Amino acid sequence: MKIAQMPESVNVNGTEYRWPRRPVVVVCIDGGDPAYLRHYLAKGAIPNIARFMQRGFAALADGTMPSFTCPNNMSIITGTPASKHGISGNFYLDTATGRPVVMTGPELLRGDTILSRFAAAGAKVVSITAKDKLRRQLGKNLDLSGGNVSFSSEYADRCTMAENGIENVLEFVGATQPDMYSEALSLFVLDAGIKLLEQSQRDLMYLSLTDYVQHKHAPGEDDARRFYDALDERFGRLEALGAVVALIADHGMSDKADAEGQPNVIWLQDVLDARFGKGDAIVICPITDAFVAHHGALGGFVRVWCRGKATAGEIIDAIHGIPGIEAALDRETACARYELPADREGDVAVIAAANTCIGASATDHDLSGLAGHRLRTHGGLSEATVPFIISQPLNDAFRLRASTSRLKSYEIFDFALNGVAV
Ligand SMILES: [Zn+2]
């Protein structure tokens with residue numbers, strides 16, 4: 001119930017968001033490629049998602065490029081493209097020091113999160129993420145003293161009131177600490193969200209999952225089907241608790257192995273070292289994070305920084321024509337085409353085709369974590385199309401907008417708050 005002194009709307013980074021009349025829950029299905037939904041809908045499974053799509057709204061949207069987790073979560077939570085929020089990967093090269101810099105600190109995120117602005121206006125907000133690497137940016141400037149909550153299931157067992165706005169989370173959810181590499185890490189996020197919604201009034205929730213299952217399993221595999229059944233059941237419970245449920249993904253997922261099951265990899269650092277001399281150009285893989293067992297730090301997008309004599313144009317010429325490369329773009333073109341922040345872009349952005357991924361040097365990547373699985377990963381254009389689903393029908397204005405323009409995934413809060421018919 002809206003209290004009299006609450007504002008009608010809240011402005012965040014230039015977009016006016018209507019105050020929610022009932023709880024709004026946005027779920028980011030990490031690695032939630034549209035292929036999973038197509039597969040299960042065709043089989044008559046996932047009945048709650050099917051109902052949202054039929055009675056509410058469903059479309060395909062463009063995610064943020066590169067199609068990685070951090071840039072897309074930041075786009076969704078700020079409602080802006082990467083050119084505004086500044087997070088264009090997990091790493092960029094600091095050209096002053098020549099060192100890769102991790103981009104997960106809140107100080108690197110430009111602008112405000114939708115959650116923090118609503119919290120400042122008096123809303124009760126919740127942010128739960130599977131991996132802790134997203135937590136501090138999602139929780140940027142979020143006041144956790146007044147009943148707001150921000151934590152990761154990765155560190156559910158060490159939450160404190162001061163840091164997370166909640167404690168004793170395992171007891172609260174009634175579960176044990178989920179393993180870092182498990183579907184339970186995602187399901188815990190949803191179970192905690194459901195408990196919080198049951199417990200007291202919440203205005204706005206962002207629940208961000210992890211793509212462990214999608215990296216490992218194609219839509220036709222039983223483990224993926226079980227995971228989606230479990231997600232669907234929880235989405236139904238969120239709706240039954242009175243929430244508007246909005247489903248989005250940060251990126252899709254493509255199989256990038258050959259007929260023998262070996263990864264199709266272009267070792268770009270090795271290619272450039274052979275052509276221009278060792279270290280003349282530096283390849284940075286912005287998918288890299290501390291937990292890479294399920295993808296070996298291989299993705300569909302890398303950046304190249306010129307550090308010696310080779311120019312961007314010469315590097316692009318050297319890359320063009322390599323089978324499995326979709327595009328090699330200079331900084332200006334990449335930033336204009338994909339709304340990227342120029343100060344964190346490489347001299348050359350390189351995008352792989354759907355069935356290929358790009359690494360740095362063969363010796364820098366540990367693929368033992370794949371353990372016989374086909375490599376499934378993301379980062380390129382092939383994985384930048386995501387589902388955009390809302391459990392409720394849209395009002396006329398937003399129906400028109402959706403029918404006349406290609407949606408961006410960062411519009412999901414806009415649609416869930418402003419676009420739902422009341
Ligand atoms: Zn992801």
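**Group meeting: a helix, a sheet and a few loops**

Hi everyone, let me start with helix 2, which lies across strand 4 (57-62), strand 10 and strand 19, running at about 80 degrees to strand 19. This is a predicted model: local features need pLDDT of at least 70, side-chain atom pairs count only at pLDDT 80 or more, and totals for chains, interfaces and linings use all residues. Residues are numbered from 1 along each chain as its sequence is written.

A quick word on terms. Helices (H or I, at least four residues) and strands (E, at least two) are DSSP runs, numbered from the N terminus. Axes are lines fitted to C-alpha atoms, for helices over the stretch in contact, and angles run from 0 to 180 degrees between N-to-C directions. Contact means that the C-beta atoms of two residues, placed from the backbone, lie within 7 Å.

Eight strands make up an open, mixed sheet, in the order 8-7-9-3-10-19-4-20; two strands pair if DSSP finds at least two bridges between them. Strand 8 (149-152) and strand 20 (407-408) are at the edges with a single partner strand each, so one side of each has no neighbour in the sheet. Strand 10 (residues 244-248) and strand 19 (residues 385-390) run antiparallel and are joined by three bridges. Leu247 has Ile389 of strand 19 as its bridge partner.

Back to helix 2: which angle do its axis and that of helix 11 make where they cross? The axes of helix 2 (residues 47-55) and helix 11 (residues 222-240) cross at roughly 55 degrees and come within 7 Å. That makes helix 2 oblique to helix 11 (under 35 degrees is roughly parallel, over 145 roughly antiparallel, 65 to 115 roughly perpendicular, the rest oblique). Pro47, Asn48 and Ile49 of helix 2 meet Asp232, Phe235, Gly236 and Glu239 of helix 11.

Finally, the loops. The peptide bond from Met65 to Pro66 is cis, with omega near -10 degrees, and Pro66 sits in the loop between strand 4 and helix 3 (69-78). Asn13 is not a glycine, yet has a positive phi of about 50 degrees; its place is the loop between strand 1 (9-12) and strand 2 (15-18). Asn141 also has a positive phi, near 55 degrees, and belongs to the loop between helix 6 (135-138) and strand 8.
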